[in-house]
Amino acid sequence: WLKTDCFPCTCRNTYPVATMATTAVTPGTAFYGTSNQEYDPNWKAGDKVPPLSEVLSRKPRVKQPLRVKAEVENYPNLKTLGETQKAAMADPVISAHVLPKKFPATSDAIKYPKVDKRGADNPLYATTTGKYGGEQPMDHQLPDRYFGKACQFTKSYTDSAQRYTGLQTAPTPSQVHTNFDRYT
């Protein structure tokens, strides 16, 4: 099913190449097929080798799947949701493959609760943890961005718990006698 052909290129030279039979290209064969599986073992390259651009232009192409394109203007709730998600994103980071989110808290919004323990003001019982939390953080001490997860996939579950889809092998007990237990 393989044959050796000659085809003219733009520079009017002819190159002997192995051509494959005309079969339909499926996504599976295009993805898993190797680039040299169709060559005839008796084929030998001559003096003239085709350029790489010409070889790649003969590679079978797979059409991209169709995707639904929704007009955002027709759905105002979807538009506002997209705008709020875009506003929550920070500037891109070169080393990260996802966009970071802006850190939501500012130094003015952070308030530490008062310690009501007896002897908290006594310097004899002071700890380094108390020193860290003793002062309000300043703007330069807070992060500008973070890489949080929204858990969108997990939140899209409709059931509160996952269903049991395994094989049930326990017998169904009879309410009359054990001889009538069903093992189906």
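**Reading the predicted model**

The chain has five helices and four strands.

Author: This is a predicted model: local features need pLDDT of at least 70, side-chain atom pairs count only at pLDDT 80 or more, and totals for chains, interfaces and linings use all residues. Residues are numbered from 1 along each chain as its sequence is written, and side-chain values use heavy atoms, with hydrogens and water left out.

Reader: Why is the pair of Phe103 and Tyr146 called edge-to-face?
Author: The centres of Phe and Tyr rings, or of the six-membered ring of Trp, must lie within 6.5 Å; planes under 30 degrees apart are stacked, over 60 edge-to-face, the rest tilted. Phe103 and Tyr146 sit 6.0 Å centre to centre, with 90° between the planes. The structure holds one aromatic pair.

Reader: What does the pair tie together?
Author: Phe103 lies in the loop between strand 3 (101-102) and helix 4 (128-132), Tyr146 in strand 4 (residues 145-146), so the pair links parts 43 residues apart in sequence.

Reader: Why does Phe103 count as partly exposed?
Author: Buried means under 20% relative accessible area, exposed over 50%, partly exposed in between (1.4 Å probe, protein chains only). Phe103 has 30% relative accessibility, so it counts as partly exposed. Tyr146, at 32%, also counts as partly exposed.

Reader: How many of the 184 residues are buried, as a percentage?
Author: Buried residues make up 8% of the 184.

Note on methods: Helices (H or I, at least four residues) and strands (E, at least two) are DSSP runs, numbered from the N terminus.
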